[in-house]
There are 4 protein chains.
Amino acid sequence: MTNKRKGRAAAVAAPPLRRVCILTGGGDAPGLNAVLRAFVRACVAKGVEVVGSEDGFDGLVRTDGGIKLLDLAAIRGVLPLGGSILGCSNRANPWAYPMKDARGREKLVDVSEHVISRLHDLAVDVLVVVGGDGSMIHAQKLAEHGVRVVGVPKTIDNDLAATDITFGFDTAVATATWAIDALHTTAHAHDRVMVVELMGRYAGWISLSAGIAGGADVVLIPEIPYDVERVVQKVRARSASGERFSIVVVGEGAKPHGGHTATVTRGKRGHLPRLGGAAYALAAELEGRVPHEIRTTVLGHLQRGGSPSAYDRVLATRFGVSAAELVLSGHSGRMVALRGQSIVSVPLDEVVGRSKLVPIDGELVRTARAIGIELGA
Amino acid sequence: MTNKRKGRAAAVAAPPLRRVCILTGGGDAPGLNAVLRAFVRACVAKGVEVVGSEDGFDGLVRTDGGIKLLDLAAIRGVLPLGGSILGCSNRANPWAYPMKDARGREKLVDVSEHVISRLHDLAVDVLVVVGGDGSMIHAQKLAEHGVRVVGVPKTIDNDLAATDITFGFDTAVATATWAIDALHTTAHAHDRVMVVELMGRYAGWISLSAGIAGGADVVLIPEIPYDVERVVQKVRARSASGERFSIVVVGEGAKPHGGHTATVTRGKRGHLPRLGGAAYALAAELEGRVPHEIRTTVLGHLQRGGSPSAYDRVLATRFGVSAAELVLSGHSGRMVALRGQSIVSVPLDEVVGRSKLVPIDGELVRTARAIGIELGA
Amino acid sequence: MTNKRKGRAAAVAAPPLRRVCILTGGGDAPGLNAVLRAFVRACVAKGVEVVGSEDGFDGLVRTDGGIKLLDLAAIRGVLPLGGSILGCSNRANPWAYPMKDARGREKLVDVSEHVISRLHDLAVDVLVVVGGDGSMIHAQKLAEHGVRVVGVPKTIDNDLAATDITFGFDTAVATATWAIDALHTTAHAHDRVMVVELMGRYAGWISLSAGIAGGADVVLIPEIPYDVERVVQKVRARSASGERFSIVVVGEGAKPHGGHTATVTRGKRGHLPRLGGAAYALAAELEGRVPHEIRTTVLGHLQRGGSPSAYDRVLATRFGVSAAELVLSGHSGRMVALRGQSIVSVPLDEVVGRSKLVPIDGELVRTARAIGIELGA
Amino acid sequence: MTNKRKGRAAAVAAPPLRRVCILTGGGDAPGLNAVLRAFVRACVAKGVEVVGSEDGFDGLVRTDGGIKLLDLAAIRGVLPLGGSILGCSNRANPWAYPMKDARGREKLVDVSEHVISRLHDLAVDVLVVVGGDGSMIHAQKLAEHGVRVVGVPKTIDNDLAATDITFGFDTAVATATWAIDALHTTAHAHDRVMVVELMGRYAGWISLSAGIAGGADVVLIPEIPYDVERVVQKVRARSASGERFSIVVVGEGAKPHGGHTATVTRGKRGHLPRLGGAAYALAAELEGRVPHEIRTTVLGHLQRGGSPSAYDRVLATRFGVSAAELVLSGHSGRMVALRGQSIVSVPLDEVVGRSKLVPIDGELVRTARAIGIELGA
């Protein structure tokens, strides 16, 4: 109890381990391979074999195949690579798993029994799930059904409450900042307003961080419904003071006051805003109200791509080693996390379903306002 | 005559020079500042003063202001910067210049007399125009009216017939290749088809070069109307052979066989394909016909942005110095150009209005086909 | 008192502010300009004028000149630039300031009275010192003499005890990681041992972080005197297992067991190890004892150079705003700092002279060992 | 005969091909893997099998092993990778091959018979040598002994007379330019002279190109013996005009007037200047003669490392395809090359042993002088 609070985990008596299975679920994030590499190296050094389930839970759902030996050779050279050598998949719920019937129609099937018995048949002692909130919900449920489970948090948007930072976020912010830097010169040359949409359906961490780092003039985030009039005023004020251009960063899930509210229930993908929707909507609103041509850029998948930053490689490696330490010391039902500058572990049942939004009166928002960034409200 | 053919320029008797004016017209391209820096340094070393017209021809069209002294201090530190310290503008034709009347309505006005007399009033001996085909047409016309003019070619699309390569192109290809690299890892992790639209309304140079450099599977360019069925077959064939994903590069002006043909007359902007149009059209065609999710990325203005590559900085510097040499040796009516690996000069009247498309049976297309890139026809 | 401990600062009754002076002392670090920009923006928005002392304390030591107005125009466009628009200087001690006499011989002079009276003459209400431990010692001493002082920590080596992270460190690690990545391919192609020396005279933070991020095989840091035999064994073991090459990272201040100990008193520069010394000494030791050619790279000043990373720009901006908040709320004798993920302030007299070394049995060292990095002991 | 002159190759009657062998000799260069990938793809598409000799000629010298099948799977994903998946080796001369005897002493052995008979035993129809001048000399000699041989030029220094540009050079210049950019900010912050040594034992192409692209103030190249007094004067003149710093680029093989002349016979490695020698010698000469601290950076192996630039990937791919076309059309004794912007082929016997130095009165040198770069003479 006390331990949970403090984020430290008490070791329990552990049976000898022989084989663990790891999978990478949800959208990909730079650093997944660094987690896999560190986890495998730490386990193999202790005589424990690692196998990987391909494409998230898909490898375990299959009746054969889908499982790959992760020995030292398998993880050689993967540290600087984006993506995941195991593949990813958004299908994370063994209790309602989308499968195609004989006529090709997709329906939701309960495959949890199969997954649990397949883990048993494969002689897997522990399942390590690298994934976002969706994956953790189901990892936790598997734990309740007796599977030993350890989690590693992954969300490029940085919106998991349980960890201060996750790998992938720094790379995404770096790529977004590079893009804002690049747009500055062309915006200046042509006296333009540049609207650039960054990732973040529910949380504005990427937009706010990259907006600060890139020197944006306006940053609109999902947490603060915006008044387009304030954006117009900011752009006009810059024009009046002789600035030739403005850079407007808009988070994927940002919306105007009283505007169409993106459904914030995670996972209900049908209700999500379309990629580019936020940027094009804003650009249309600005058109004709500011004395500039407007150009729109949707950075999209580029933010997930490319080689992980040094920061993300270090954090992912620390997570991978820490997960291995949990596994090797007999823990289950816990997820590794960063608290402050320290790696800790937290109970899965306390962390699932809790997201972390940008505090609208917190230090980062205050910093943005202090340097003159218009937040739209 | 013979000299023109050979791209060498005969020096004529030159009056002593005192002041030259330079401007950067059309869309911005990485390397413009390197041209300005080299030109200014080379002129100032010979005792010639350089002034710049702000925002392309706009600075000259104004009745006052719009002209900036370009001394050594003005060009300090600009070498690694994208954009243009002078600003750019697409308004290049002094004989039909878009101006607003008292009621704010735009109409085309002949300002050529004004521009010519302003150059005289400013005691400008030579006008140097850094710009694309549109700018060169009007530079040549000014030359016919007695203005001493020297040109420096600028087209990020690399579609000017008069020069083998222009600055900005290499940076654009590098940025596009970086993007394709980044999309590879996320495409692989999720078994996706990634459609990425690159610049090039009439010419496929960027798409073909970046497609080869980035390892694209399909490259569709304006010069080769495509059959979507061939794209489908290529993606399916890759799937069948176990490849999880495909990368499809589509040039901004690429179109299907018998599809809506983008008007290729340069400068008629109303008839141009919309940014993103080619990519979204193709993605819609592929949807449901390939066993993959499809994601679309429009790289857009990012290709113009950022710091120029080393290659572009060297080429731009060579152009800037060569333009200064033409000016200092009393030439007029000529444009600098790269032929093979050499800097030459060519008569403006021979080069305007001639574009350079990718030869559909040339070596670059043959190279692409030889390594298995599907070109759609 | 309690506040000090907790790193929170109680506001005191503040006289109305008119002008503050800021300076950047010590070696340069990427992010200095982001601090200046944020500080100026936050002050100017509150009606407070900012001036800068050029070249660290030098600007204040002069009898005239050396002081520069930092208005909004002065800090425009500086966010992505490395270095400092104010210049830096290692001469930080007004009580023993190196000056040249009439015959050009340098001697140490007490200029503290002059500095204090010049601040008074300039009508400076508060002095903000951005600098390392040396600068803070003297900032604190000025505070004891009645100057209102606020500090911002700067150390690219990340070795200040008072703050978990400083700006510049992330960029240095990123550059070092890029270098290690680059050396991998050429090391592999030629079966070589690559020795690369990274910054860090007393602390191994850069070496250990970049070594983990870059996939080094051996990392030697000042905190852990190394046994060259262990390095030899590691390289041989890799050879025996079929690995063609090894990457050995060595911190600037790393030394063998019983080797010549670099004097660790900060500031006594005459006793510091020479740049490259650690790497060449190690390479000489390895020569002939491993079955490889050995190549040495000293990354040196490149680690300070270039555009700050997005991470460093955000952190530096937070520091700059936080320093402005301290100034504006009437505080003195405090330094901003990062604790965990939060910006706090700490009393100068508690932080000076305390360095932060890599804990030799801490989590980062344990992580390195767990993934098989040889630390030499 | 005429064909040779024009760089076009006449097809000869070709026997049906079954298997070709390719190797990468000499120092590694970014783009080698792109050559291999393109060559393999082009050959496999025509039903020809490709094998690779590991570590340059070493694979062929062995009595077994050392030969690797290069099918489509083997070259998957290698396009963005530096180095060579085959490994490299400087041992290129089968007529005087360094081998160890029973007592571990190295001596030169004639293994040409063995190599020729091994190619026969392996049923190799054509040998493709990717390498520098040394490799081509021996490729040509093998051709004289009846081996069908095709060459692909490789020299990161760009000093082969037979081709205008080779792959790897652009990446090296880009990396060097990045380094010069990075040194600018730290040089400026501390009023320093930065001496940076770049690759180029005999030819100054990298130094001159990167010096122009990076905005160096002084560039010293092997082709122009320098007068250190001119360097001193340049630095002093900059100081006098208020410039705080100077960047001095020095090519690896640059030397003062009447200084110790590096032996220019290629391949006599014992007589080569030491890495860093040129820079440290110059820094020592400048010490005390300029009013600045001096710092020295030796970029070294970093210039070979890292992912090839887009330019180099395209050029390497064109070379690889062109080599395949030569092989498939029955040619032998020829090397592919870039002339102007075109890929051609040239006879091996005309190209070996001819190097390409920077013309000391050519356009690139003239450009450098025109923008104020001091070349030391």
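**Where A meets C.** I started with the side of chain A that touches chain C. I found 34 residues of chain A in contact with 34 residues of chain C. The model is predicted, so I read the contacts as features of a prediction.

Which helices of chain A supply at least two residues each to this side? I listed α2 (32–44), α6 (169–190), α7 (205–214), α10 (310–328) and α12 (363–370). The most comes from α10(A), which gives eight residues. I noted 18 nonpolar, nine polar and seven charged.

**Chain A as a whole.** Chain A has twelve helices and 13 strands. Its C-alpha atoms fill a box of roughly 70 × 50 × 40 Å along the principal axes. A compact globule of 377 residues would have a value near 21 Å, and chain A, with 22 Å, agrees with that.

I looked at burial and contacts as well. Of the 377 residues of chain A, 61% count as buried. Among contacts in chain A with a separation of 6 or more, 74% join residues 24 or more positions apart.

**Two positive phi values.** I looked up two residues other than glycine with positive phi. Phi of Ala123(B) is near 60°. I placed Ala123(B) in the loop between α4 (112–121) and β6 (126–131) of chain B. Is Ala123(B) buried or exposed? It counts as exposed, because it has 11 C-beta neighbours inside 10 Å, and the cut-off for exposed is 12 or fewer.

Asn158(C) has phi near 65°. I found Asn158(C) in the loop between β7 (149–153) and α6 (169–190) of chain C. Asn158(C) has 24 C-beta neighbours inside 10 Å, so I wrote it down as buried.

**Leu302(C).** My last stop was another loop residue. Leu302(C) lies between β11 (293–298) and α10 (310–328) of chain C. Leu302(C) counts as buried because it has 23 C-beta neighbours inside 10 Å, where 20 or more is the cut-off.

Which residues does Leu302(C) touch, leaving out those up to four places away in sequence? I noted Thr175(C), Ala179(D), Ala182(D) and Thr297(D). I also took one distance from Leu302(C). Val196(C) is 106 residues from Leu302(C) in sequence, and their C-alpha atoms are 13 Å apart in space.

Notes
Residues are numbered from 1 along each chain as its sequence is written. Chains are lettered from A and ligands numbered from 1 in the order in which they are written. This is a predicted model: local features need pLDDT of at least 70, side-chain atom pairs count only at pLDDT 80 or more; totals for chains, interfaces and linings use all residues. Two residues are in contact if their C-beta atoms, placed from the backbone, lie within 7 Å. Helices (H or I, at least four residues) and strands (E, at least two) are DSSP runs, numbered from the N terminus. Ala, Val, Leu, Ile, Met, Phe, Trp, Tyr, Cys and Pro count as nonpolar, Asp, Glu, Lys and Arg as charged, and the others, Gly among them, as polar. The radius of gyration is taken over C-alpha atoms; the globule rule is 2.2 Å times the number of residues to the power 0.38.
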